[in-house]
Amino acid sequence: MSRKENVLIIGAGLCGSLLALRLAQRGYKVTVYEKRPDVRVANFSSGRSINLALSDRGLKAMEMVGIAEKVIPLCIPMYGRLMHDIHGDTFASNYSGRDDEYINSISRGGLNGLLLTEAEKHENVTLHFNKKCISVDIEEAKASFKCYLNKEEFTVNADVIFGADGAGSVLRKNYYLEKKFLFSYSQNYLTHGYKELEIPANKDGSHKISSAHLHIWPRGEYMLIALPNLDGSFTVTLFLSYEEGEYNFNNLTTPEKVTEFFSTQFPDALELIPEIHAEFFNNPTGALGTIKCSPWSYKGKTLLMGDAAHAIVPFYGQGMNASFEDVVVFDQVLEQHRGDWETTLKAYQKVRKEDTDAIADLAIDNYYEMRDHVANSIFKQKRKLEMDLEKGFPEDYFSKYSMVTFNEKMNYAKAMKIGRAQDKALLNLITEDEISTESNLKEILKQVQRETNEILQEDKVAGLK
């Protein structure tokens with residue numbers, strides 16, 4: 001590929017800004033258009049999560065572009081979940097039995113701003129904000145935009161266009177509207193939405209509750225989670241049905257009803273959120289959906305990436321990490337096929353699609369686990385055994401969560417396949433009273449490995465992936 005070729009990226013969010021930085025490092029001329037104001041000078045969230053979980057796959061991407069040492073100071077390590085029951089009692093559940101495995105709470109805006117700044121250091125990168133993409137001509141590889149500031153419309157030509165414009169991607173919309181090829185697309189929503197609230201910092205800037213944990217208030221039909229921020233606050237997210245159950249977004253319409261809901265279901269959290277009414281009624285309610293589509297590219301001229309290709313629900317903390325890993329995988333494919341955009345784009349999807357489908361399914365699984373199962377006695381026993389096995393045999397046992405979150409060398413699809421079989425093996429052995437937390441740990445490991453291999457073999461015979 002000629003390094004003089006013009007690359008157009010639609011979207012300057014986390015995926016688009018990382019892609020711009022990496023392509024700039026490779027010497028391509030990159031132009032980025034973003035419909036929102038510059039996150040570095042404007043304070044906005046548009047209903048999107050304020051902070052996110054950064055783990056090993058995302059950090060690998062930061063290392064690839066050489067800015068990991070600048071990202072780490074933006075992070076707050078979270079070593080596990082801290083569960084809050086309805087009585088205000090808590091219990092901790094680490095993410096791993098290995099001490100060096102944890103996830104990081106990080107500001108979306110802070111990280112996005114850093115990526116934009118690093119990209120803009122390259123003379124071959126140009127960033128444009130307040131420019132909304134209104135259509136893409138996929139045959140001619142040109143995109144039309146409207147400037148929010150002067151209302152003018154204009155068209156930009158490119159050699160290749162990347163749609164990193166999120167779940168509402170304009171490029172993806174043009175794929176199915178133009179009907180120039182067979183395009184498969186699905187968008188499935190949960191019956192629950194989310195709303196963000198805040199636990200403010202103490203007067204001295206310290207955190208009111210442990211900053212070393214991701215806090216969860218599981219209640220079956222709904223839940224709260226809270227992630228720490230560097231300023232001592234916590235971003236709290238309420239997950240609640242739109243219209244089902246005794247309490248839902250449609251019937252929490254008065255301050256009295258909101259107070260009743262929180263005081264009966266989350267009494268300890270209510271004490272920590274002084275502006276509960278203002279935040280509940282002023283902050284937007286966001287939807288939770290999964291997007292899958294295929295193909296991602298068209299004639300070597302356009303490519304969907306990140307949420308535009310595979311938006312997922314946030315319950316595995318892998319949305320951002322998966323999008324960052326997209327760029328890592330694309331970079332590897334680009335290295336192999338430089339000189340031919342069409343081969344590069346097709347090869348990228350062939351390598352990547354199965355994994356993005358897998359993490360989408362895993363995220364749905366984890367939604368029900370976090371909401372319904374984390375306080376279950378059998379689940380607690382399973383987690384204790386997993387922690388003991390990881391601690392006792394750190395080279396031989398990896399839980400599904402560890403494989404997905406901390407093993408960036410294992411792809412999502414493989415982690416899902418092995419992890420699901422392993423979970424089934426553990427639960428079978430526990431419910432059949434063949435093992436317990438008091439059993440010999442080495443014997444437990446052998447039993448779990450044997451049962452897991454049998455399940456994997458059964459799945460293979462049945463033709464299951």
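**Exercise 1. The nonpolar cores**

Determine how many residues the largest nonpolar core has, and which of them have the most contacts inside it.

*Solution.* The model is predicted, so local features need pLDDT of at least 70 and side-chain atom pairs count only at pLDDT 80 or more, while totals for chains, interfaces and linings use all residues. Residues are numbered from 1 along each chain as its sequence is written, and side-chain values use heavy atoms, with hydrogens and water left out.

Begin with the terms: a nonpolar core is a set of buried Ala, Val, Leu, Ile, Met, Phe, Trp, Tyr and Cys residues joined through side-chain atoms within 4.5 Å, where buried means under 20% relative accessible area, exposed over 50%, and partly exposed in between (1.4 Å probe, protein chains only). The largest such core has 74 residues, and Ile 9, Leu 23, Met 62, Phe 162, Phe 324 and Phe 330 have the most contacts inside it. A second, separate core has 35 residues, among them Ala 53, Leu 227, Phe 406 and Ala 413.

Next, take Phe 162 and count as a contact any heavy atoms within 4.5 Å. Once neighbours within four places in sequence are set aside, the partners of Phe 162 include Ile 9, Leu 23, Leu 171, Leu 303, Phe 330 and Trp 341.

**Exercise 2. The open sheet**

State in which order the 6 strands of the open sheet are arranged, and find which are its edge strands.

*Solution.* The order is E8-E2-E1-E12-E19-E18, with mixed pairing. Strand E8 (125-128) and strand E18 (297-298) are the edges, each pairing on one side only. Within the sheet, E12 (residues 160-163) and E19 (residues 302-304) run parallel and are joined by 3 bridges, with Gly 163 opposite Leu 304.

**Exercise 3. Salt bridges**

Find how many salt bridges a search of the whole structure gives, and say which parts of the chain the pair of Arg 420 and Asp 365 links.

*Solution.* A salt bridge is a side-chain nitrogen of Lys or Arg within 4 Å of a carboxyl oxygen of Asp or Glu, and the search finds 24 of them. In one, Arg 98 meets Glu 101 at 3.1 Å, N to O, and both residues are buried.

In another, the closest N and O atoms of Arg 420 and Asp 365 are 2.8 Å apart. This pair links distant parts of the chain, Arg 420 in helix H14 (residues 412-431) and Asp 365 in helix H11 (residues 341-373), 55 residues apart. Arg 420 is partly exposed at 36% relative accessible area, and Asp 365 is partly exposed at 31%.

Methods
Two strands pair if DSSP finds at least two bridges between them. Helices (H or I, at least four residues) and strands (E, at least two) are DSSP runs, numbered from the N terminus.
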